[in-house]
Amino acid sequence: WLYYSDRLMEFPLGVFSIALATVMMPNLSRQHANGAAADFGMTLDWAMRLVVLIVMPATLGLILLSGPLLATLFYGGRFGAGDVEMATISLMPYAAGLLGFTMVKVLAPGYFARQITSTPVRIGLIALGLNMVLNIVIVGPWVLMGWPGPHAGLAAATALCAYINAGLLYRGLRREGVITPAPGWGRFLLRGGVAGGVLAVVLIQVVPPTSAWIEAAFWTRCLWLMAAVVGGACAYFATLFATGFRVADMRMQSGAPTL
């Protein structure tokens, strides 16, 4: 159950987050070598905004479509309805941590590009140790109380530690004066929050329950899933544009975002 739910969480992480970090690294290294400290920090700030813009709807989609996704992709044969239910329980906390996992991928290059490798490693070890502790703290009482799906506690602990890892990386960059939040973050988050709320309402209202997905034919599930993803994406980006967001706002100019 953890394996299958983790596969779905890793998909957007690999497609977007790792690709963004790979693209950022040479740019950051060049800016550091040229002594362009302002551009260096603004590039990180721009990347963080891009992460929020893309990963937030992906997170909501994974949470709200967790059952339908698992039913469409894996249901059948030895992967039964009970497995869909149990994997759904762990996919939701995994998905909730997607933003934290992505921020780690984006913020770590802020150290590596400056040839600082010990700090991210040390922070990663701290997060790993906390993960072990939280596994016991969360799963132990879960099992003792007899609640279903204690494996979801492992996913929740991992997701929480991703945010701790990202927070420590960000705090280090702020403390060293590498990154300073550019103006407009409040307006940007407000627009994203409104668009995310509209996305959530659309998915909650139009997506059938997981039981209906399990009973439907495979190609029907595929069509439903495609409609839900496309419809949710249209609702999200249409709301963003309605609140004043424009693609040009995310354009980089001299290493810095205009938003």
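**Before selecting anything**

The model is predicted: local features need pLDDT of at least 70, side-chain atom pairs count only at pLDDT 80 or more, and totals for chains, interfaces and linings use all residues. Residues are numbered from 1 along each chain as its sequence is written, and side-chain values use heavy atoms, with hydrogens and water left out.

**The whole protein**

The protein holds 11 helices and two strands; helices (H or I, at least four residues) and strands (E, at least two) are DSSP runs, numbered from the N terminus. Followed from the N terminus, the elements run α-α-α-α-α-α-α-α-α-α-α-β-β. Along the principal axes, the C-alpha atoms fill a box of roughly 60 × 45 × 30 Å.

Next, show the surface. The accessible surface comes to about 12,600 Å², and 70% of it belongs to carbon and sulfur atoms; the areas come from the Shrake-Rupley method with a 1.4 Å probe, and for residues only the protein chains shown count as cover. Of the 259 residues, 45% count as buried. Buried means under 20% relative accessible area, exposed over 50%, and partly exposed in between (1.4 Å probe, protein chains only).

Among contacts in the protein with a separation of 6 or more, 80% are between residues 24 or more positions apart; a contact means heavy atoms within 4.5 Å.

**Helix α7**

Select residues 118-145. This is α7, with 28 residues, and from its first C-alpha to its last it reaches 41 Å, close to the 40 Å expected at 1.5 Å a residue. The expected span is 1.5 Å times one less than the number of residues in the helix.

Show side chains for the buried residues of α7: Thr119, Pro120, Ile123, Ala127, Asn131, Leu134, Val139 and Trp142. What covers them includes α6 (109-112) and α8 (151-175). Then step to glycine 146, which follows α7 and has a positive phi, near 75°.

**Helix α8**

Select residues 151-175, which form α8. The 25 residues of α8 reach 37 Å from the first C-alpha to the last, close to the 36 Å expected at 1.5 Å a residue. After α8 comes glycine 177, whose phi is positive, near 75°.

**The loop between α6 and α7**

Select arginine 114, in the loop between α6 and α7. Arginine 114 is buried, with a relative accessible area of 15%. Not counting residues up to four places away in sequence, arginine 114 touches His32, Phe40, Leu173, Glu176 and Val178.

Now select glutamine 115, which also lies in the loop between α6 and α7. Glutamine 115 counts as exposed, at 61% relative accessibility. The phi of glutamine 115 is near 60°, a positive value in a residue other than glycine.

**Threonine 180**

Finally, select threonine 180, in the loop between α8 and α9 (185-206). Threonine 180 is exposed, with a relative accessible area of 55%. Leaving out residues up to four places away in sequence, threonine 180 touches Asp45 and Arg174.
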